[in-house]
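Q: I'm new to reading protein models. Could you walk me through how helices pack and what a core is?

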Amino acid sequence: MSYNLFLLAFVLGVGGAFQYGLQISIINSPVEYIKSFIRETWLKRYGSSPTEELITLMWSCVVSIYSIGGLLGSLFGGYLSVRFGRKKAMLFANIPALLSAALMGLSRLCGSFEMIIAGRIFSGVCGGLALNIHLMYAGECAPRKLRGLIAITASTAIAVGKFVGFALGLREVLGVDALWPILMAANAFPALVQLLTLPFFPDSPRYLLIDKKDKEGCIKAVKQLWGDGDHMAEINDMMAEQEAIRGEKPKSVWDLFRDKAVRWQLITLFLVSSCMQLIGVNVVYFYAYNVFIKAGIPPAQTHYVSLGIGITEILSTVLCGFLIERAGRKTLLWKSYTVLALALVLLTVTLSLQDSFSWVPYCSVALIFIFIMSFGIGPAGVLCPLPTEIFIQSYRPAAYVFNGATNWIQLFILGFLFPFIVEGLGSFCFIIFLTYCLSMAIFVFLVMPETKGKTMLQVMEEFNRLNYRRKKRQTALQQSNCSVMIVTRL
């Protein structure tokens, strides 16, 4: 196998999922500096200091507007990937990244906090667009035996992005008042790296063969990415998928809802992948700070513990890459969901008893790390190849649009409602998330078929047993009735 495939996965990660992870974590460090900048700018403009409520509202807008941009980006991902191809669409995603870096980097010089808000919208568009196309592009470029491993590099890129965001936000790096505009413009560097390197790689072989009907281009791309071996079996699988589609045009999201042939694929995608925000990882991160303080870690050192959590997430996604082609998607998912549910049950107990015993906070710290590891080994990694594997070519772009849109909407809603949930339920808010994790463990174990080592058409056949189960029962019943009638006549 050629190293070009792994180099492509790296280049896609730099300008794709890495940007999403970076923007999620990088905003945590300059909170007070940006609030102070908003206060000073308002005072210079209007001659009076803004109220604390107004400052909080402005900051909430800066944080939450990222999700709106992400939603817009994910909605356009399907159209751009079909109209221009995976490669050109991926390159296009770097334009809003550079715009956002310019706006946020120059905001202080121009004396405009509105530029930060606009920059966050553009960075969200980049995140929504790049994440969808990255997953689709990587999954379609990989051979069957490496499909899971290559797709999981997206999860690793997100974890590395979070870690780099935390690291850049340290006081020793860019986390000071004088340097926060440079910190906010850090996403320009990965965008430039991808713009300079991705043009040397081919487009997705599946897109070239199935969508563009370019068999020669497909074979050339396969040789460049996979090496000079015999890959005709894989190409024949793509041609079989092309034959099954029968020249159909790419489907829309509305077609996903109407077509019975993909009903259980859509249900699986929504419950297992699109609702990933309901696992509760953001809530665990929220409580981590308080847990670390209770365990005796000085407040000034908690940022370094956050780096430890980031490293744990990176290592767990790498471990998932080694396990996914051995253990399979289904096994990793239902077992990790079970561990996540158990960890949340125990966290609910330990957080309730936080002040009762001196050793309880240490148990909470251990549970947080177990939760993060289970999340990385399971859903964070395994769900990356899922839309590519369970949908054939004509439905795949629409599936990514639906998956991305629902994820961004949930991120926005949970971000808005989260403070009220925590205030009302306290540590018992974990009950909501553990219920979801336990339900998903049961659903995956009983319903979701295994996709490891199977072609797209084989996976489609597995789901057809669910999609047409009622029709098969009716056919079997009719056949049995006919048999009874024949016996009666005899």
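A: Contact means heavy atoms within 4.5 Å, and helices are DSSP runs of H or I, at least four residues, numbered from the N terminus. Here Leu12, Gly13, Val14 and Gly15 in H1 meet Ala17, Phe18 and Gln19 in H2. This is a predicted model, where local features need pLDDT of at least 70 and side-chain atom pairs count only at 80 or more, while totals for chains, interfaces and linings use all residues. Residues are numbered from 1 along each chain as its sequence is written, and side-chain values use heavy atoms, leaving out hydrogens and water.

Q: Which residues of H1 and H9 meet?


A: On the H1 side they are Leu5, Phe6, Ala9 and Gly13, and on the H9 side Leu149, Ile150, Thr153 and Ala157.

Q: At what angle do H1 and H9 pack?

A: Axes are lines fitted to C-alpha atoms, for helices over the stretch in contact, and angles run from 0 to 180 degrees between N-to-C directions. H1 (residues 4–15) and H9 (residues 147–168) pack at about 30°, with axes 9 Å apart. Angles under 35 degrees count as roughly parallel, so H1 and H9 are roughly parallel to each other.

Q: Which residues have the most contacts inside the largest nonpolar core?

A: A nonpolar core is a set of buried (under 20% relative accessible area, 1.4 Å probe, protein chains only) Ala, Val, Leu, Ile, Met, Phe, Trp, Tyr and Cys residues joined through side-chain atoms within 4.5 Å. The largest one has 66 residues, and Tyr337 and Phe371 have the most contacts inside it. A second, separate core of 30 residues includes Leu91 and Leu198.

Definitions and conventions. Buried means under 20% relative accessible area, exposed over 50%, partly exposed in between (1.4 Å probe, protein chains only). Helices (H or I, at least four residues) and strands (E, at least two) are DSSP runs, numbered from the N terminus. Angles under 35 degrees count as roughly parallel, over 145 as roughly antiparallel, 65 to 115 as roughly perpendicular and the rest as oblique.
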